[in-house]
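Please open your viewer and get ready to select parts of the model one at a time. At each stop you will hear what to select and what is there.

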Amino acid sequence: MTTVPPETDTITLTVDGTLVSARQGDTLLEVLREHGVAVPTLCDLDGVSDVGACRLCLVEVADRPRPQAACVTAAAEGMAVRTDTERLRSLRRTTVELLLAERNHVCAVCVADGNCELQDLAAATGVDHVSQEYLYPAGLAVDLSHPRFGVDHNRCVLCTRCVRVCDEVEGAHTWDVAGRGAESRVITDMATPWGESPTCTSCGKCVDACPTGALFLRGTTVGEAVRHPERLAYLGAARRERRWLLDLVAGPPAAADGGAAGAPGGAAEETPDRKESKP
Amino acid sequence: MTDGAERRRPRLATVWLGGCSGCHMSLLDLDERLLDLARAADVVFSPVADAKVFPEDVDVTLVEGAVANADHLALIRTVRARTKVLVSLGDCAVTGNVTALRNLVPLDRVLRTSYVERATAGRGVPDAPGVVPPLLPRVEPLHRVVPVDVYLPGCPPSAERIWEALLALLEGHRPAADGGAVPRFG
């Protein structure tokens, strides 16, 4: 057996009664994950900094009176951590209930229904109803000014993943938080419409980062599922009247510049550029 | 059970308040298990049974829908008083869901928009005392109005989830929170 030289930065702590080793500088959440101990998280996102915003990863640390957010608590030598006490389960349930009660999360008609981390968390923490009173805040905006993305503040849980990924990964810092307490809102630039943002690169990282239906790709909502049956009538009429064939066969000789462009089914004739170039 | 005494068949009721009836559709999705259910319990009140008055001494009542109008409020209070185990069935009963979307708008505004401004015929807010129940100022989930014993969220809860719960409830147990399908909203 080879002897592993002792690493000076290795520490030992206790998690739910079991001794585990970790590296100096690890957060408790990193240690828990490395050892397969599951704690619920929401604001945490791989690749961006930790902020301890959601308070779902709370754990109990011996000799500390209040529970600590594991994602922003440094692991330390000799620390005794508990992750699954009745007190913690109760706190997590209450946190999820408060998140659900604060804004208008109507899962059945949400773009994220079935793909929502808040929905998953409710199931995972045993929240089968919300005992707090729903606030039903009125007038929360839905901004559809961006051509590709939308933001629905009714679904936002203020995890700030969008803010961090935009700042730390994309480097644009389009997103930030304005207001205080229940009035807090994620904003683009100086609370200008997203579509008018001069800093947004339209990269979509914020949409990928969002755990709920607050940020979404446009075109994915039920209201945007517009069908165009009139196109079928157009196609039917075009086929009956042999519109395309006539265009191709009887088109001006100038258009037959090379075989590919004139091939049946080629769409080049329909592009604006080609049309403009015609005499 | 002792002395070979026949145990009384449990009395089951289902109630439809402010919801789309989708939860009852999910209940009907029990398909052939409905025959097992008919053997296991007496269905004493339901939108699919011909009973006008909610009876006394009901063992289990499944309630679909939120409390949205005066009739719902009166009925759910009667249901609570006459039921041993009250089950909040589906997201409207559990959270308010789509039925409660109108809570974002004042009630008079809701009525004016629906029956006057957007009406294409017969403009006017319905006013037929004793016929059309007045809407409550705010739609509430069941547990904000009466104590609820069991929650089955989902829009709708699956037939499997309903069946699991019914099997336990008709045997006099609470449905296991960790058994089978995990309850979830939506």
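Start in chain A by selecting residues 175-178, strand β8, together with residues 185-188, strand β9; these two strands pair in the antiparallel sense over four bridges. Strands here are DSSP runs of E with at least two residues, helices are runs of H or I with at least four, and both are numbered from the N terminus. Two strands count as paired if DSSP finds at least two bridges between them. Now highlight Val177(A): its bridge partner in β9(A) is Val186(A). Between the strands of this hairpin are six residues, and Gly179(A) takes a positive phi near 85 degrees.

A word on what you are viewing: this is a predicted model, in which local features need pLDDT of at least 70, side-chain atom pairs count only at pLDDT 80 or more, and totals for chains, interfaces and linings use all residues. Residues are numbered from 1 along each chain as its sequence is written, while chains are lettered from A and ligands numbered from 1 in the order in which they are written.

**The open sheet of chain A**

Which strands make up the open sheet of chain A? There are five, in the order β2-β1-β5-β3-β4, with mixed pairing. Select β2 (18-23) and β4 (68-69) of chain A to see the edges: each has a single partner strand, so one side of each is left without a neighbour in the sheet. Next, show β3 (residues 58-61) and β5 (residues 80-82) of chain A, an antiparallel pair with two bridges. Glu60(A) has Arg82(A) in β5(A) as its bridge partner.

Zoom out to the whole of chain A, whose secondary structure comes to nine helices and 10 strands. Colour domain 1 (10-84) and domain 2 (91-224) separately; these bounds come from an automatic or database domain assignment. The C-alpha centres of the two domains lie 26 Å apart. Their contact takes 14 residues from domain 1 and 18 residues from domain 2 of chain A. Two residues are in contact if their C-beta atoms, placed from the backbone, lie within 7 Å.

Of the 279 residues in chain A, 30% are buried. A residue is buried if 20 or more other C-beta atoms lie within 10 Å of its own, exposed if 12 or fewer, and partly exposed in between, with C-beta atoms placed from the backbone.

Now select Leu28(A), Cys57(A), Ala70(A), Cys162(A) and Cys206(A), the residues with the most contacts inside the largest nonpolar core, which has 61 residues. Both domains of chain A give residues to this core, so it lies between them. A nonpolar core is a set of buried Ala, Val, Leu, Ile, Met, Phe, Trp, Tyr and Cys residues joined through C-beta atoms within 7 Å. Centre on Cys206(A): leaving aside residues up to four places away in sequence, Cys206(A) touches Cys162(A), Val165(A), Cys166(A), Trp175(A) and Leu215(A). A second, separate core of 34 residues includes Val58(B), Ile76(B), Val87(B) and Leu142(B).

**Over to chain B**

Show chain B, which has six helices and seven strands. Along the sequence, their pattern is β-α-α-β-β-β-α-β-α-α-β-β-α. The C-alpha trace of chain B spans about 65 × 35 × 30 Å along its principal axes, and 35% of the 186 residues of this chain count as buried.

Pick out β3(B): six of its seven residues are buried, so this strand is largely enclosed by the rest of the structure. β3(B) pairs in the parallel sense with β1(B) over five bridges, and also in the parallel sense with β5(B) over six bridges. Val15(B) stands opposite Val63(B) in β3(B), whereas Val60(B) stands opposite Val85(B) in β5(B).

**Last stop: helix α3 of chain B**

Which residues of α3(B) are buried? Select His72(B), Ile76(B) and Val79(B). They cover an arc of only 60 degrees around the axis, which puts them on the same side of α3(B); the arc is that of the directions from the helix axis to the C-beta atoms. What covers these buried residues includes β1 (11-16), β3 (58-64), β4 (67-69) and β5 (83-89) of chain B. Turn to the other side of α3(B), where Ala74(B) and Ala81(B) are exposed.
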